[in-house]
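Here's a quick briefing on how one protein chain is put together. Have a look at the model first, then read on for the sheet and the helix packing.

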Amino acid sequence: MKLKAWIKRNVPKPALILYAVAVFSLCIHILCILFTGFADFFSVHIAGFFRMLLAKLSGVYRFSIAEILILSLPLIFVGIIVTVIRYSRSEDVTKINRFFAGAFAIVSLFYSTFVFTYGMGYRGYTLDHKLGLDKQSVSTDDLKNTALYLAEKVNETAKEVSFVYGGSSVMPYDFETLGEKVNQTYADCADIYPFLNNFSSRVKPMLLAKGMSYIHMLGMYTYYTGEANINTEFPDYATPFTVAHEMAHQRGIAREDEANFMAYLICTASKDPFIRYSGYLNMYEYTQNALYSADKSAYMQVNATLCMQAKYDMESYRVFFLQYKDSKAADVADTLNDAFLKGNGQDEGTRSYGLVVDLAVAYIKQINASNWEK
């Protein structure tokens with residue numbers, strides 16, 4: 001009875017409710033770790049509803065709520081310190097106990113939101129399993145053939161894209177129109193990929209794009225607001241692919257390599273040539289990076305087939321990135337992201353982004369099987 005009375009006096013009722021929800025969330029989390037099929041069901045049918053709900057609620061506003069919250073962190077931290085100092089000078093211990101109980105309840109809420117929106121996507125079946133791909137070890141020939149295929153597609157789509165003379169490509173519409181076009185392609189592909197939650201959502205340009213560039217961040221999905229946030233400072237050709245990537249997270253694809261591959265599938269399925277070009281060129285870059293590590297001679301052979309316009313685009317990205325290459329903030333952000341990914345079952349950490357090449361090779365090899373065998 002003394003414990004019950006102490007809890008009643010020192011822990012607010014809303015905090016107790018959030019603790020109970022967090023315990024329930026932990027049980028769900030454990031079940032998802034133990035049973036892959038349950039994780040998939042939960043991610044699509046339960047978490048999918050909450051992802052959609054948050055996306056719709058936050059989508060009422062054009063600005064990023066998550067970005068505002070992140071920018072407010074220094075003020076929140078100062079407020080916590082001031083409150084703790086003020087309460088510590090008071091003889092009323094109950095006040096400080098209730099304060100920390102409330103703070104811990106907020107942490108519990110973030111954990112429960114992670115479980116009930118996004119996190120269990122890490123525990124479901126892999127994308128190659130869902131797509132029926134035979135993902136095997138990748139040979140140098142496989143890489144070369146994949147890169148040649150992508151170079152051909154880049155060259156084809158580049159003919160329908162506008163470029164600055166001697167420079168990079170130009171997106172022919174505004175950011176909001178891009179979001180509508182990618183939303184439409186996701187809707188068009190709903191029957192092909194039933195594991196994706198089908199709903200329309202707003203994508204948001206970051207207010208502090210330059211600051212995000214310093215930590216090498218092209219986009220960010222924030223599960224606690226349901227927002228897909230995009231850094232629009234990068235060269236135009238990177239933007240549609242990034243939008244499709246963050247929207248893949250928004251629709252339940254948690255693993256980074258899989259979100260990259262889903263972005264490729266969505267972009268290349270688009271009716272818009274610039275979006276298709278973005279999908280092919282971004283995947284070409286991933287594949288060529290892998291080929292460069294495997295066989296520099298093969299890399300040079302493939303690169304010789306790429307049109308000059310695409311090479312200008314890739315050069316524009318290289319030049320843009322040089323100004324942020326040695327950012328210490330990026331090192332810190334990369335370390336944190338690496339730890340987060342490893343903590344959620346992605347053993348490769350931040351290197352998992354590049355594992356999209358394995359999926360691309362398996363997929364492109366499958367659709368070109370008869371030609372590659374000759």
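Two strands are said to pair if DSSP finds at least two bridges between them. Helices (H or I, at least four residues) and strands (E, at least two) are DSSP runs, numbered from the N terminus. What you're looking at is a predicted model, where local features need pLDDT of at least 70, side-chain atom pairs count only at pLDDT 80 or more, and totals for chains, interfaces and linings use all residues. Residues are numbered from 1 along each chain as its sequence is written, and side-chain values use heavy atoms, with hydrogens and water left out.

**The chain overall**

- The chain has 17 helices and three strands.
- Take the contacts (heavy atoms within 4.5 Å) between residues at least 6 apart in sequence: 76% of them join residues at least 24 apart.

**The sheet**

- Three strands make an open sheet in the order β1-β3-β2, with mixed pairing.
- β1 (203–205) and β2 (219–222) sit at the edges with a single partner strand each, so one side of each has no neighbour in the sheet.
- Neighbouring strands here are turned by 25° against each other on average, direction ignored; axes are lines fitted to C-alpha atoms (for helices, over the stretch in contact), and angles run from 0 to 180 degrees between N-to-C directions.
- In general, strands of a sheet pair through backbone hydrogen bonds, either parallel or antiparallel.
- β1 and β3 (residues 227–230) run parallel and are joined by three bridges.
- On that side of the sheet, V203 stands opposite A228 in β3, and K204 stands opposite N229.
- β2 and β3 pair in the antiparallel sense, over four bridges.
- Y221 also stands opposite A228 in β3.
- Which way do the side chains of β3 point? E227 and N229 point one way, A228 and I230 the other, and all are buried.

**Helix α10 and its neighbours**

- α10 (residues 238–250) lies across β1, β2 and β3, running at about 160° to β3.
- α10 also packs with α11 (residues 256–269) at an angle of about 120°, with the axes 8 Å apart.
- That makes the two helices oblique; the cut-offs are under 35 degrees for roughly parallel, over 145 for roughly antiparallel, 65 to 115 for roughly perpendicular, and oblique for the rest.
- Their crossing is right-handed, a label used if the near helix is turned clockwise from the far one by less than a right angle (left-handed if anticlockwise).
- From α10, P240, F241, A244, H245, A248 and H249 meet E256, A259, N260, M262, A263, Y264, I266 and C267 of α11.
- By class, this contact has ten nonpolar, three polar and one charged residues; Ala, Val, Leu, Ile, Met, Phe, Trp, Tyr, Cys and Pro count as nonpolar, Asp, Glu, Lys and Arg as charged, and the others, Gly among them, as polar.

**Helices α7 and α13**

- The axes of α7 (residues 140–158) and α13 (residues 296–303) come within 10 Å and cross at roughly 15°.
- The two helices are therefore roughly parallel to each other.
- α7 passes α13 in a right-handed crossing.
- K144, A147 and L148 of α7 make the contact with A298, Q301 and V302 of α13.
- That contact has four nonpolar, one polar and one charged residues.

Note on methods. Buried < 20%, exposed > 50% of the residue type's maximum accessible area, 1.4 Å probe, protein only.
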